[in-house]
Amino acid sequence: MKSNLVITHTVSRQHNSLFRYYHTNAAAKAYFTEKLQTCKNLISATTTHSNVLKSGLSNDTFTTNGLINCYVRFLRINHAHKLFDEMPQPNVVSWTSLMAGYVNCGRPVTALWLFHQMQGTLVLPNEFTFSTLINACSILASIDMGRRIHGLVEVMGFGSNLVVCSSLIDMYGKCNHVDEARIVFDSMYVRNVVSWTSMITTYAQNAQGHCALQLFREFTQLRLEKPNHFMLCSVISACASLGSLGSGKVTHGIVIRLWHDTNDVVATALVDMYAKCGCVHYSDKVFRRIPNPSVIPYTSMIVGAAKYGLGTLSLQLFQEMIDRRIKPNDVTFVGVLHACSHSGLIDKGLELFNSMNGKYGVMPDTKHYTCIADMLGRVGRVEEAYQLAKSVHVERDGYSMLWGTLLAASRLHGRVDIALEASRQLIESNQQVAGAYVTLSNAYALAGDWENAHQLRSEMKRTGIHKEPGSSWIEIKDSTYVFHAGDVSKCSQANEILSLLKELGHRMKERGYVGGTAGLVFVDVEEEAKEEIVSLHSEKFALAFGLINMPGGVTIRIMKNLRMCRDCHESFKLISDIVGRDFVVRDVNRFHHFKNGSCTCGDFW
DNA sequence: CTAGGGTTAG
């Protein structure tokens, strides 16, 4: 009886102290968790860290996870990893936090390696782990690893998790496997604005703008959720890639109605879209509404102006951002070099190129060499461009751009020798092979060497190398007119176009355009009799047709080798006259709705 | 602790 009481007493005391122990620790844990989640800088993080050590909670998994996440937030991945290594019992949260930390630090391979380590433990991954890993694959564009992890996802029963599926769609999209992304999307029972965005983005980034817009339409028709700024960015980007001003304006209307027009990223997408749709004036309007544009909006505007032939504007913007102490990046330099190249500012371009690294701390790479090669080649300094291309070290994926540029320049200026060398470089590295054959053949033909020109074409046929014909398109009202390079005859408006091109050619000559004098030769092996020589100026406009977009709803984009961009407006008037159509885009009614009927197309600012 | 957006070039 007595002993029983004693035991009860002891148990109760133990229980009591256990409770108190647990209670104080729970309070401490809660305190540290709160502190770590809200700490604003590294100093307060390290202070809390030392307090954790003093409190004796350093072996506590939950508290240490908080510390790891805190260090990860301040990109101190080494601190986080050290803490992780000292943990007696890391759980799935510890592992996942560290992996996510590595992904955020730009080291996705280490994240995948950690997962490999984790598989040697008893800790099982959860949906958070898989999302993080799929994100790592997405950054690496590693389809093999992505598929393997997708397999694990299915095996472990996370195949219907909304977040995991969204990451999978994104991963397949970034790996350019649009069909697999769509399979995941279609397999989902529940979707949200994020999963829809992932699928729309996949289409937009894989040159399937129409599918992106179609899916966006479906999403809006469901009326479940409002599109957010992420989705709208992708949609605008799809419009840009299609050169679809009408859809772009409609989307801009949605942006305004949903109050997303103050988002800088959306504004940047709009700047790009209007520039690609030929309305650089609108780009400028949107750009000037961004309060403190960062390097990306600036670059977007610089590139937009450059494409439009407004080289001086590009350079002004560049100077402006330098004055505002915004550091240009590699893309910015592509933009300004492009601008110089397309506005004949060769000396300025070379000067900028030479001062890139020293003055602005941007290391020139293949993109910039290609710009310079293009700049030199364009004005006939093909030999210099060739020497440059030979002398620089180029990583494999930039190879085709550099030598492709050189090939085009040497063909344009009749340097068959360099064209031959450039083609050899492309063919040997197994890049742009078909294009190289065609251009080289054209170079021979241009030089009057029909024998070699035809021989190459025959060889292509024999070896089964097929070149997809280049195409471009123009949107007029609700119709899209597609043009294939060198194949004006198949177009229903062939006569209109040819007379237009002739007219434009005259105009260019009148304005003192000095280009090569040789004509373009289309060698058609199947119908050799159909060889056709069109004047060089006309060729350029033929290629330009559909590749530059004009103000007023006409979508014509100008090719990079056209230096008469100032004539765009002139050309536009001409097209109006000749084609005799109304070019006003009609599909902007929603703007009227938004602005109480006072807004007309193009002045919704 | 986890997902989703924009800029070059061809």
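Biologist: Let's start with the big picture: how many helices and strands are there in chain A?
Modeller: Keep in mind that we're looking at a predicted model. Counting up the elements of chain A gives 30 helices and 4 strands.

Biologist: What share of the residues in chain A is buried?
Modeller: A residue gets the label "buried" when its relative accessible area is under 20%. Chain A has 605 residues, and the buried ones make up 48%.

Biologist: Which share of the contacts in chain A with a separation of 6 or more comes from residues 24 or more positions apart?
Modeller: Start with the contacts in chain A that have a separation of 6 or more. Then pick out those between residues 24 or more positions apart, and you get 60%.

Biologist: Let's zoom in on helix H16. Why can we say that its buried residues lie on the same side?
Modeller: H16 covers residues 280-288, and its buried residues are Val 280, Tyr 282, Ser 283, Val 286 and Phe 287. They cover an arc of only 150 degrees around the axis, so they sit on the same side of H16. A handy background rule is that an α-helix has 3.6 residues a turn, so residues three or four places apart point the same way. For H16 itself, the reason is that arc of only 150 degrees.

Biologist: Which helices do the buried residues of H16 pack against?
Modeller: Follow the contacts of those buried residues and you land on four stretches of chain: 245-257, 264-276, 295-307 and 311-323. In that order, they are helices H14, H15, H17 and H18.

Biologist: Now Ser 341: is it buried or exposed?
Modeller: Ser 341 belongs to helix H19, which runs over residues 330-342. The cut-off for buried is under 20%. Ser 341 has a relative accessibility of 3%, so it counts as buried.

Biologist: Which side chain joins that of Ser 341 in a polar contact of 3.3 Å?
Modeller: Leave aside the neighbours within four places in sequence, and Ser 341 is in contact with Asp 374, Met 375 and Arg 378. The side chain that makes the 3.3 Å polar contact with Ser 341 is that of Arg 378.

Biologist: On to charges: how many salt bridges does a search of the whole structure find?
Modeller: One example pairs Lys 82 with Glu 86, with the closest N and O atoms 3.1 Å apart. Lys 82 is exposed at 54%, while Glu 86 is partly exposed at 49%. Searching the whole structure, the number of salt bridges is 17.

Biologist: How many residues apart are Glu 383 and Arg 415?
Modeller: Their side chains meet in a salt bridge of 2.7 Å, N to O. The pair links distant parts of the chain, with Glu 383 in helix H22 and Arg 415 in the loop between helices H23 and H24. Glu 383 is partly exposed at 35%, and Arg 415 is partly exposed at 26%.

Biologist: Last one: how far apart in space are Gly 398 and Asp 365, C-alpha to C-alpha?
Modeller: Gly 398 lies in helix H23 and is buried, at 5% relative accessibility. Gly 398 and Asp 365 are 33 residues apart in sequence. In space, their C-alpha to C-alpha distance is 9.0 Å.

How values were computed: Residues are numbered from 1 along each chain as its sequence is written. Chains are lettered from A and ligands numbered from 1 in the order in which they are written. This is a predicted model: local features need pLDDT of at least 70, side-chain atom pairs count only at pLDDT 80 or more; totals for chains, interfaces and linings use all residues. Side-chain values use heavy atoms; hydrogens and water are left out. Helices (H or I, at least four residues) and strands (E, at least two) are DSSP runs, numbered from the N terminus. Buried means under 20% relative accessible area, exposed over 50%, partly exposed in between (1.4 Å probe, protein chains only). A polar contact is a pair of N or O atoms within 3.5 Å; within protein, one must be able to donate a hydrogen and the other to accept it, and residues adjacent in sequence count only if both atoms are side-chain atoms. Contact means heavy atoms within 4.5 Å. A salt bridge is a side-chain nitrogen of Lys or Arg within 4 Å of a carboxyl oxygen of Asp or Glu. The arc is that of the directions from the helix axis to the C-beta atoms.
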